[in-house]
Every structure is written in C-alpha cells, then in structure tokens.
Amino acid sequence: MKLLAMTVLLLTICSLEGALVRRQAEEPTLQSLFSQYLQTVSEYGKDLVEKTKASDLQAQAKAYFEKTQEELTPLVKKAGTDLLNFFNKFMDLKTQPAAK
C-alpha cells in the first residue's frame, strides 16, 4: 500500500514539474502577442475582402434586397393607409360633436 502511495506521489510530482517547465518555456512576450494579433486581424481582413469581391455574394445580396423590397413595399403602403384611416377617424370624432 505504501508502495502504491509513493508511486502515485512520485508520478504527480513529476507531472507537475513537467507542466511547470512547459509553462515557463511557453510564456510569450507582449510584443509577440501583439504581432500575432495584428497578423490575425490582417489575415481576417484579407479573407473578408476576397469574399466580398466574389460575384456570387454580390448577386445574393442584390437578390435579397430586391426580394425584401418587393415584400415590404405593400406592407409599408398598407401601414400608411391604415395610419391615415386611424387619424381620419379621430378627426371625424372631433368634428361630429361640434356639428351637433
């Protein structure tokens, strides 16, 4: 039993020392972190520009906006008509008591 406990203790200490050595070796400097960040941002920007240049994306966006406009135009016109009717009802209510 003591042998098992000693073995587990020894393995734990060795793994902790190994982790400590790896952690000390992997500490990046602030400059390397900043340069890595800038590189990632520039790569992301380049990818984004390449994706937006694709004619497929532009065609999809145009089709989406046209479809949205076709669907929203009747709704906006109906909402405008309903709003005018709503205000006209209030105007009619104000003029009816004055006429009596």
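The legends below describe close-up views of a predicted model.

**View 1. The overall fold of the protein is made of three helices and zero strands.** Read along the sequence of this predicted model, the elements follow the pattern α-α-α. Of the 100 residues of the protein, 0% count as buried, and the accessible surface comes to about 9,900 Å², of which 66% belongs to carbon and sulfur atoms.

**View 2. Leu83 is shown in its helix.** This residue, Leu83, lies in helix H3, which covers residues 55-99. Leu83 has a relative accessibility of 44% and therefore counts as partly exposed, since the range for that class runs between 20% and 50%.

**View 3. Three aromatic pairs are held by the structure.** In one of them, the ring centres of Phe86 and Phe87 are 5.9 Å apart and the ring planes stand at 55 degrees, so this pair is described as tilted. Phe86, Phe87 and Phe90 together form one aromatic cluster. Phe86 counts as partly exposed, with a relative accessibility of 45%, and Phe87 likewise counts as partly exposed at 45% relative accessibility.

**View 4. A nonpolar surface patch brings together leucine and phenylalanine residues.** The patch is made by Leu83, Phe86, Phe87, Phe90 and Leu93, and its area is about 510 Å². Among its members, Phe86, Phe87 and Phe90 are the residues of the aromatic cluster, while Leu83 is a residue of helix H3.

Definitions and conventions
Residues numbered from 1 in each chain as written. Predicted model: local features only at pLDDT ≥ 70, side-chain atom pairs only at ≥ 80, totals over all residues. Heavy atoms only, no water. Helix = DSSP H or I, 4+ residues; strand = E, 2+ residues; numbered from the N terminus. Buried < 20%, exposed > 50% of the residue type's maximum accessible area, 1.4 Å probe, protein only. Areas by Shrake-Rupley, 256 points an atom, 1.4 Å probe, with all protein chains shown as cover. Phe/Tyr/Trp six-rings, centres within 6.5 Å; stacked < 30°, edge-to-face > 60°. Patch = residues over 30% accessible without salt bridge, like charges linked within 9 Å, V, L, I, M, F, W, Y side chains within 5 Å. Salt bridge = Lys/Arg side-chain N within 4 Å of Asp/Glu carboxyl O.
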